[in-house]
Structure formats: C-alpha cells, structure tokens
Amino acid sequence: MSVAEIYENRATFSFEVFPPKTDVGMEKLCGAGGVLEKLYTLNPDYISCTYGAGGTNVGKNLEVLDKIRADGKCEPVTHFTCIGNTKEDIRNKLQTYLDHGIDHVLALRGDLPFGWTGTNGDLHYATELVKFIRKEFGDKFTIAVAGSPEGHIQCRSLEADIAFLKQKQDNGADFIISQLCWDMDAFRRWLDAIRDAGIWLPVDVGIMPILDQAATINMALSRNGCVMDRKLCEIISKNWIFPNPFDKEPFDADVEGKKASFKQAGIEYTINQIDQYRACGVDGIHLYALNKYDDVAYIAKAAGLIDLV
C-alpha cells in the first residue's frame with residue numbers, strides 16, 4: 001500500500017534517516033540488530049533517507065533504501081534533488097530506484113552547496129522536478145514534496161511560497177512533508193492559508209528531536225531561518241555552555257550536566273510539540289531519527305505515536 005493510500009484511512013507515522021559516510025556508521029544503521037531494525041519495532045509506515053549535501057553519497061542512500069525494501073517492514077522513500085542533475089541523470093537515477101523496487105520519492109530542489117548560486121543542473125526548482133517525474137514515469141512514483149510553514153528562506157514571500165506549493169500539487173505531488181517549524185502560531189496560519197489556496201494534499205509534519213544545543217541552533221539558522229520560540233530559547237539559555245555550545249573545548253565546569261539537562265528538557269519540548277501538531281489535525285508525524293533509536297523511541301512512545309497504526 002502506498003503512503004498516499006494510507007492517508008485515506010488514518011494518520012501516518014514515519015522516520016527520516018541519513019546515509020552514513022563510513023562503513024562503521026552503515027553497520028550501526030543497517031547491520032543486524034542495528035538502528036533500522038530497532039525502528040521497525042515502532043511500526044512506522046515509511047522511512048525516508050536523505051542524500052548527502054549537494055546530492056553526494058547517493059550510493060549509500062540506495063544501500064540504506066535497499067535494506068528497508070528487503071526487510072519489508074515499511075515503505076522506503078528516497079529524497080531526490082535537482083542539484084547537479086541533468087534530465088538524463090534524473091531519468092536514469094529514478095529508473096534505478098524503480099529497478100530496486102523503490103517507488104516513493106521526496107522531490108526537492110535541494111540545498112545549494114557552499115558557493116553555488118544555482119543547481120548546476122537542467123532543473124532549477126522542485127516544481128519542475130515534480131512535473132518531470134510525472135511526465136517521464138506517470139504514476140509509477142508516489143511523490144512527496146516539501147512545505148515551508150515559515151516560507152522558504154530564499155522565497156520572496158510566504159504567499160509566493162504557497163503559490164509554488166500549489167503548483168507542486170497541480171504538477172502531480174501526492175503529499176507534503178513540512179519543513180522544520182517550532183513556531184506553532186506560524187504553522188497554524190500556514191495550514192489555514194494553504195487550505196484557503198486550494199491545497200488539499202495531506203500534510204506530514206517534519207519534527208527534529210531537541211537533543212543537543214549546537215545541533216538545534218545550527219538546524220534553525222544555517223539552512224532554515226526558523227523562529228525559535230520563547231520556550232525553546234529558555235531551554236537553551238538555562239543550559240548554555242560557556243563560552244558557546246559550538247566550542248570544542250568549553251571552559252564551562254558543568255558541561256556534561258548541562259548537556260544532560262538540555263537533552264531532558266528538549267525531549268519534553270519535542271513531545272509537547274508533537275501534541276500540538278496532532279491537535280491541529282495534521283495527517284502524519286515524520287520524526288527525524290538522526291540515525292538513533294533510544295531517544296526517538298522514547299519520544300514516539302511518550303507522544304502516543306505508536307497508537308497511530
């Protein structure tokens with residue numbers, strides 16, 4: 001059953017993982033008793049796997065997805081970007097996924113590598129990629145697209161961003177996975193706005209567990225330009241590691257204590273955020289697993305996500 005078909009009956013629950021760069025990392029994720037096999041015990045509907053930055057590490061991406069497909073516990077979903085891809089590249093790579101039995105794709109423009117001003121490929125936007133996939137492959141793929149509740153950082157306005165999201169729907173997308181958003185008021189306004197704009201696709205909410213100060217700040221500011229709400233800022237401030245959480249040799253005497261306190265508060269924050277999203281009536285929760293199990297399993301269970309299936 002495709003993910004799009006599951007939405008017709010109930011909300012979904014899923015994870016995102018990334019392709020490790022090392023053999024050790026791959027073994028931890030894909031090996032016997034590894035993270036993937038542990039995640040299956042939580043009964044996700046699908047697990048998506050990212051590309052590396054700029055479309056790199058594609059071989060590892062396919063290896064992870066092959067593992068998910070072969071295990072048969074949930075649907076594998078590949079991320080796919082326009083970065084550095086000609087139309088022929090896109091056609092050939094997507095056919096390879098189909099040949100491997102992978103028929104779900106998250107169609108993205110992709111984050112531009114440092115110093116790039118464009119995709120350096122034949123397609124420049126996710127709207128074009130969705131249209132190309134439908135033209136070349138018909139209904140062979142179930143297509144997910146990204147939605148930005150606060151507006152894409154490079155888009156001229158939220159209204160324009162919503163118009164492009166509508167275009168993705170019109171070009172053949174099947175469902176939306178929202179980008180990171182901690183500002184619940186902004187999310188509610190966006191959800192109302194896209195429905196008013198005639199966007200009826202199911203919305204699956206992407207959620208990053210709050211586990212580490214530096215990773216949280218980096219995720220918010222380096223790519224997404226996300227608002228960090230007062231509660232999240234309080235958690236960071238109360239557990240601030242001096243001189244800053246990015247310093248590899250901080251002089252703070254209570255580094256480990258603050259890391260543990262931050263993680264505990266961050267997990268509680270994440271659970272509360274999931275509660276708020278579900279109260280909005282979203283169609284699914286897509287949890288960034290960060291290639292870990294214990295913390296995300298605790299969050300999923302405490303938030304009641306296991307009961308979705």
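**Entry 1: starting point**
I am working from a predicted model. I began with a simple question: how many salt bridges are there? My count came to 14 salt bridges. Side chains of opposite charge can pair when their charged atoms come close. I picked a few of the pairs to look at one by one.

**Entry 2: Asp45 and Arg10**
I looked up Asp45 and found a salt bridge to Arg10, with 2.7 Å between the closest N and O atoms. Where do the two partners sit in the chain? I placed Asp45 in the loop between α3 (35–40) and β2 (46–49), and Arg10 in the loop between α1 (3–7) and β1 (12–17). They are 35 residues apart, so I noted this pair as a link between distant parts of the chain.

Arg10 comes out at 30%, which I logged as partly exposed.

**Entry 3: Glu75**
I left aside the neighbours within four places in sequence and listed the contacts of Glu75: Met1, Val3, Asp45, Tyr46, Ile47, Ile68, Arg69, Asp103 and His104. Glu75 has a relative accessible area of 12%, so I put it down as buried.

**Entry 4: Asp185 and Arg188**
I then turned to helix α8 (residues 184–196), which holds both Asp185 and Arg188. Their side chains meet in a salt bridge, 3.2 Å from N to O. Why do I see about one helical turn between them? It is because they are three residues apart in the helix. I have Asp185 as partly exposed at 46% relative accessible area, and Arg188 as partly exposed at 33%.

**Entry 5: Lys135 and Glu136**
I also checked Lys135 and Glu136, whose side chains form a salt bridge at 3.5 Å, N to O. Lys135 is exposed, with a relative accessible area of 67%. I recorded Glu136 as partly exposed, at 29%.

Note on methods. Residues are numbered from 1 along each chain as its sequence is written. This is a predicted model: local features need pLDDT of at least 70, side-chain atom pairs count only at pLDDT 80 or more; totals for chains, interfaces and linings use all residues. Side-chain values use heavy atoms; hydrogens and water are left out. Buried means under 20% relative accessible area, exposed over 50%, partly exposed in between (1.4 Å probe, protein chains only). Contact means heavy atoms within 4.5 Å. A salt bridge is a side-chain nitrogen of Lys or Arg within 4 Å of a carboxyl oxygen of Asp or Glu. Helices (H or I, at least four residues) and strands (E, at least two) are DSSP runs, numbered from the N terminus.
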